[in-house]
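Please examine the sequence and the structure shown below before reading on.

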Amino acid sequence: MHIVITGANRGIGHAMAERARAAGHQVTGTAREPVDDLVALDVTDPVSCGALAEHLQDHPVDLLVCNAGIYPDKGQPLETGYPAAMWAESFATNVTGVFLCIQSLLPNLRAAQGAKIAIISSQMASHTLAPGGSYIYRASKAAALNLGRNLAADLAPEGIAVGIYHPGWVRTDMGGDAAEISVDEAADGLLARFAALDMAATGCFQTWDGRDHPY
Ligand SMILES: NC(=O)c1ccc[n+]([C@@H]2O[C@H](COP(=O)([O-])OP(=O)(O)OC[C@H]3O[C@@H](n4cnc5c(N)ncnc54)[C@H](OP(=O)(O)O)[C@@H]3O)[C@@H](O)[C@H]2O)c1
């Protein structure tokens, strides 16, 4: 299987790339500042997304994992925080970036038999989990969830399945040292979820360990 993973230079994306390669898959990992065999991609930049598609030429993509994301508004004060530029950057990365990657690689996904798209959202996308704070991240991940649900409807006639996932609270730069699970646990769980994704499950919102998450 040929798997494309965005944000594969560190964190959960890096672990997914390593584990998928170890399982024998061909992996195209992307990074804003690529090293080794990573391919350059800034998901906020349509030109960069187009260049990734050009790099892949007509090579089929069996699984696209939209993993790249940012969470800059942790701990922002309601009264003085959440500047407009932070909203713009977060939506450009966590929402528009997901859309641009999928749109750019549609020909490659269509060239594969039964291609799949995995969007890494968060449990913080759910309106059932609203303790307050982190407005930008929550709203952007909710938008990514909504995007995935609607893409699932549009791509169903073509047999392309779309899943949306919460990776767990993971020990990465984003998740912090106190988080509950390691990147390898998250990556193994997510890769198992992607393998199980089929047209019957398209549009699902699931956790890394296989539970359906309320929208
Ligand atoms: N960790 C958690 O507990 C947790 C929980 C729920 C959801 N998630 C989601 O899981 C995904 C991975 O998170 P993580 O914990 O692995 O985060 P991380 O360690 O902070 O890594 C984020 C990755 O996204 C990349 N990225 C950021 N902006 C980008 C852009 N404009 N273009 C391309 N790549 C970009 C980063 O690249 P650079 O190195 O260039 O910055 C990095 O590779 C994210 O979508 C996150 O929201 C994480």
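The points that follow concern the ligand and its surroundings, and then the sheet.

This is a predicted model, in which local features need pLDDT of at least 70 and side-chain atom pairs count only at pLDDT 80 or more, while totals for chains, interfaces and linings use all residues. Residues are numbered from 1 along each chain as its sequence is written, and side-chain values use heavy atoms, with hydrogens and water left out.

**Ligand surroundings**

- The ligand is surrounded by 28 residues (a heavy atom within 4 Å), and the closest are N9, R10, R32, Y137 and T172.
- This shell comprises 11 nonpolar, 12 polar and 5 charged residues (Asp, Glu, Lys and Arg count as charged; Ala, Val, Leu, Ile, Met, Phe, Trp, Tyr, Cys and Pro as nonpolar; the others, Gly among them, as polar).
- At least two residues of the shell come from each of α1 (11-22) and α4 (135-155) (helices are DSSP runs of H or I, at least four residues, and strands runs of E, at least two, numbered from the N terminus).

**Polar atoms at the ligand**

- A polar side-chain atom of R32 lies 2.7 Å from a ligand oxygen atom.
- For N67, a polar backbone atom is 2.7 Å from an oxygen atom of the ligand.
- The side chain of K141 places an N or O atom 2.9 Å from an oxygen atom of the ligand.

**Sheet**

- Seven strands form an open sheet in the order β3-β2-β1-β4-β5-β6-β7, with parallel pairing (two strands pair if DSSP finds at least two bridges between them).
- The edge strands, β3 (39-40) and β7 (205-207), each pair on one side only.
- Strands β1 (residues 2-5) and β2 (residues 26-31) run parallel and are joined by 4 bridges.
- I3 has V27 in β2 as its bridge partner.

Methods: Polar contact = N/O pair within 3.5 Å; in protein donor to acceptor, adjacent residues only side chain to side chain.
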